[in-house]
Amino acid sequence: MNLEQRLNELSIVLPASAAAGAQYAPGVMHQGLAWISGQLPREGDRVLVSGKLGCDVSIEEAQTGARAALIRALAALRDTVGDLTRIDRILRLNVYVNSTEEFSQQSAVADGASSLIYALFGPEQGRHARTSVGVAQLPRNACVELDIVVALED
């Protein structure tokens, strides 16, 4: 599987960079794994989908935000690893959803990112562990933030 080729087939262009916004690394490699820091659904400095689920953001809008955040995570992954040819698979996806106390469909929001993982990696390699949780607030009032753990090829 060639991830760059698959991105092209899906007309997905990764951002030029996904630099950290403070004193941390966008990603760290250790013992065959890449740990990618939390990513918001951003284009440059602009948050594409902001607000709280259960009050001012629809599930569909938040799914679009989760997809955008995953695209940024892939850019951070590329920057961390050097290129995308070393990527074996995404092992774990953690999704944090800015939501009201009553909102309980965090998993549906996470599907926006999971669906893209399956589209990129296929049904076998696209299988990943996942956690989706509701939180009271996220940086920049983003509707979603996610991070990934990735297996690298030797």
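**Entry 1: the end of helix 2**

I looked at what follows helix 2 and found Gly-82, with a positive phi near 110 degrees. This is a predicted model, where local features need pLDDT of at least 70 and side-chain atom pairs count only at pLDDT 80 or more, while totals for chains, interfaces and linings use all residues. Residues are numbered from 1 along each chain as its sequence is written, and side-chain values use heavy atoms, with hydrogens and water left out. Helices (H or I, at least four residues) and strands (E, at least two) are DSSP runs, numbered from the N terminus.

I then took the length of helix 2. Its 23 residues reach 32 Å from the first C-alpha to the last. That is close to the 33 Å expected at 1.5 Å a residue; the expected span is 1.5 Å times one less than the number of residues. I also checked the cover. Helix 2 is mostly covered, with 17 of its 23 residues buried. Buried means under 20% relative accessible area, exposed over 50%, and partly exposed in between (1.4 Å probe, protein chains only).

**Entry 2: helix 2 against helix 3**

Two packed helices are described by the angle between their axes and the distance between the axes. I read both for helix 2 (residues 59–81) and helix 3 (residues 106–125): the angle is about 45 degrees and the axes are 7 Å apart. Axes are lines fitted to C-alpha atoms, for helices over the stretch in contact, and angles run from 0 to 180 degrees between N-to-C directions. Helix 2 and helix 3 are therefore oblique to each other. The classes are roughly parallel under 35 degrees, roughly antiparallel over 145, roughly perpendicular from 65 to 115, and oblique for the rest.

Which residues make the contact? Helix 2 brings Ile-59, Ala-62, Gln-63, Ala-66, Arg-67, Leu-70, Ile-71 and Leu-74. Helix 3 brings Ala-108, Val-109, Asp-111, Gly-112, Ala-113, Leu-116, Ile-117 and Leu-120. Contact means heavy atoms within 4.5 Å. By class I have 12 nonpolar, 2 polar and 2 charged residues. Ala, Val, Leu, Ile, Met, Phe, Trp, Tyr, Cys and Pro count as nonpolar, Asp, Glu, Lys and Arg as charged, and the others, Gly among them, as polar.

Most residues other than glycine have a negative phi. I noted Ser-11, with phi near 60 degrees, in the loop between helix 1 (3–9) and strand 1 (27–30). Ser-11 is exposed, at 64% relative accessibility. I also noted Gln-31, with phi near 45 degrees. Gln-31 sits in the loop between strand 1 and strand 2 (33–39) and is exposed at 71%.

Is Val-95 buried or exposed? Val-95 is buried, at 1% relative accessibility, and belongs to strand 5 (residues 87–98). Beyond four places in sequence, Val-95 touches Ala-110, Thr-131, Ser-132, Val-133, Val-144, Glu-145 and Leu-146. Its C-alpha is 13 Å from that of Leu-53, 42 residues away in sequence.

Val-47 is in strand 4 (residues 46–47) and counts as buried at 17%. Not counting residues up to four places away, Val-47 touches Pro-41, Arg-42, Arg-140 and Ala-142. I found 9.8 Å between the C-alpha atoms of Val-47 and Ala-68.

Ala-19 lies in the loop between helix 1 and strand 1. Ala-19 counts as exposed at 52%. With residues up to four places away left out, Ala-19 touches Pro-26 and Arg-72.
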